[in-house]
Amino acid sequence: MASDDEDVTLRVGREELRIRGVYETVSIVNDVMVALWFVVGSILFFSDSTTTVGTWLFLAGSVQLLVRPVIRLSRRVHLGRVSGGRPAESARDF
């Protein structure tokens, strides 16, 4: 039986680490863009003349929210191909 203070060693291939890093970066960029669409859209709602543009930015942000699960699914499929069909999941996976 292992004690609580033992180290756990995980062996992860270099390719898998690179793939995880790329997808994490893409996910972060996507999240920032979603936030920007909603912030700018909200500001544009303060004026009647820019409400239509604000509405389009809200729509763009909403559509982009759908991109996040697509990024996660793509990452999972990609890691599955690299690791022989069984991607190792991590608590740090987004």
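One cut-off before we start: buried means under 20% relative accessible area, exposed means over 50%, and partly exposed is what lies in between. By that rule Glu-15, at 37% relative accessibility, counts as partly exposed. Also keep in mind that this is a predicted model.

**Whole chain.** Show it as a cartoon: you get three helices and zero strands, in the order α-α-α from the N terminus. Of the 94 residues, 20% count as buried.

**Glu-15 and Arg-18.** Zoom in on this pair, which forms a salt bridge with the closest N and O atoms 2.9 Å apart. Both residues lie in helix H1, three residues apart, about one turn of the helix. Arg-18 is partly exposed, at 47% relative accessibility.

**Glu-16 and Arg-20.** Here is another salt bridge, with its closest N and O atoms 3.0 Å apart. The two are four residues apart in helix H1, so about one helical turn separates them. Buried or exposed, at 12% relative accessibility for Glu-16? Glu-16 counts as buried, and so does Arg-20, at 13%. The spacing has a simple background: an α-helix has 3.6 residues a turn, so residues three or four places apart point the same way.

**Ile-28, Val-32 and Leu-36.** Select these three and show their surface: they make a nonpolar patch of about 270 Å². Ile-28 is found in helix H1 and is partly exposed, with a relative accessible area of 48%.

**Asp-31 and Arg-68.** Which parts of the chain does this pair link? The salt bridge, with closest N and O atoms 2.7 Å apart, ties Arg-68 in helix H3 to Asp-31 in helix H1, 37 residues apart. Both partners are partly exposed: Arg-68 at 29% and Asp-31 at 34%.

**Helix H3.** Now select residues 67–82. Helix H3 has 16 residues and reaches 22 Å from its first C-alpha to its last, close to the 22 Å expected. Color Ile-71, Arg-75, Leu-79 and Gly-80, which are buried. Look down the axis of H3: its buried residues fall within an arc of 165 degrees, so they line one face of the helix. They pack against helix H1 (14–44). Turn to the face away from that buried side to find the exposed Val-70, Leu-73 and Arg-81.

**Last stop.** Step past H3 to Gly-84, whose phi is positive, near 80 degrees.

Definitions and conventions. Residues are numbered from 1 along each chain as its sequence is written. This is a predicted model: local features need pLDDT of at least 70, side-chain atom pairs count only at pLDDT 80 or more; totals for chains, interfaces and linings use all residues. Side-chain values use heavy atoms; hydrogens and water are left out. Buried means under 20% relative accessible area, exposed over 50%, partly exposed in between (1.4 Å probe, protein chains only). The expected span of a helix is 1.5 Å times one less than its number of residues. The arc is that of the directions from the helix axis to the C-beta atoms. Contact means heavy atoms within 4.5 Å. Patches are made of residues with over 30% relative accessible area and no salt bridge: like charges are joined within 9 Å, nonpolar side chains (Val, Leu, Ile, Met, Phe, Trp, Tyr) within 5 Å. Accessible areas come from the Shrake-Rupley method with a 1.4 Å probe; for residues, only the protein chains shown count as cover. A salt bridge is a side-chain nitrogen of Lys or Arg within 4 Å of a carboxyl oxygen of Asp or Glu.
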